[in-house]
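This briefing concerns a predicted model. Please read it alongside the sequence and the structure shown below.

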Amino acid sequence: MSKTSRTVVSMPKTATKGEIVPIRVIVQHDMESGFRHTERGVRVARDIIRDFVCIYDGAEVFRAELHPAMGANPTFSFFTKATQTGTLEFKWTGDNGYASSVTSSLTVT
Amino acid sequence: MSTSRRSFIVALGSASVVPWLNAQATTSEAVETIKKIVGQAEPRVGRVTLEIAPLVENGNLVPMTVLAESPMTSTDFVKAIHIISEKNPLPNIVSFNFGARAGRAQVSTRIRLLTSQRLWAIAEMNDGSFWQGHADTVVTLAACTEDVLV
């Protein structure tokens, strides 16, 4: 797996103050579990994303700790409460120096 | 790709089903993992719902939703939800941490399941109490066992 990969964040662009905003994220990653073997019986080394975090308005609203039992191309649907206009930062980190990050802006009225 | 008789037998013996069977977490390992999460506290049953299809065709990508009942205010919110497996090679599947502004303690994702089993969801509230829920599922095609890489 390369050191970074494609990510998609899907969420509304605007929200009213106090509204609960749904967020869906997906990241391209094989999530090699470390439990598979080659034809010759050699174990394939683990290579997964370990951590995902969403930061909004200066605070961590959601974090996930991933283990090999997460499916390939990990996706999460979660929520946050709209407090003020700003950017949401999404960060993934993993084995072998993997890192991805993306930001998305939310206008709160 | 041509496979010689010898390499086929090597693959059969060492690569396919055997390591997976050995690598299964037992129910007691799941219990140990839950103990590590809750510490001295005693998890109570309720407030957490784990939704997963009762019959799963392919264990490689199983949709799952977990939901904890909480007002999610700054004084009363869910701190974390842990998903624990009975029979995967490792008992931990995924852990979610929520901030007070998460709005709703609900997450959907996709996981891998080795075989038919019970899954546990352990929720940690900000007051230090723990709640648990579980779901049973039947898996017809296990994750990974068919994967022999070249």
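**Chain A**
- The secondary structure of chain A consists of nine strands and zero helices, so that the elements read β-β-β-β-β-β-β-β-β from the N terminus on.
- Along the principal axes, the C-alpha atoms of chain A fill a box of roughly 60 × 20 × 20 Å.
- Of the 109 residues of chain A, 33% count as buried.
- Among contacts in chain A with a separation of 6 or more, 59% are between residues 24 or more positions apart.

**Contact between chains A and B**
- The two chains meet through 38 residues of chain B and 32 residues of chain A.
- On the side of chain B that touches chain A, at least two residues each come from α1 (5-15), α2 (18-23), β6 (92-98), β7 (106-111) and β10 (148-149).
- The element that gives the most to this side of chain B is β6(B), with seven residues.
- Strand β6 (residues 59-66) of chain A is joined to β6(B) by five bridges, and the two strands run antiparallel.
- Within this pairing, A64(A) stands opposite F96(B) in β6(B).

**Helix α3 of chain B**
- Helix α3 (residues 27-38) of chain B has twelve residues and, at 1.5 Å a residue, should span 16 Å; its end C-alpha atoms lie 17 Å apart, which agrees.
- After α3(B) comes G39(B), whose phi is positive, near 65°.

How values were computed: Residues numbered from 1 in each chain as written. Chains lettered and ligands numbered in written order. Predicted model: local features only at pLDDT ≥ 70, side-chain atom pairs only at ≥ 80, totals over all residues. Contact = placed C-beta atoms within 7 Å. Helix = DSSP H or I, 4+ residues; strand = E, 2+ residues; numbered from the N terminus. Pairing = 2+ DSSP bridges. Expected span 1.5 Å × (residues − 1). Buried ≥ 20, exposed ≤ 12 C-beta atoms within 10 Å, placed from the backbone.
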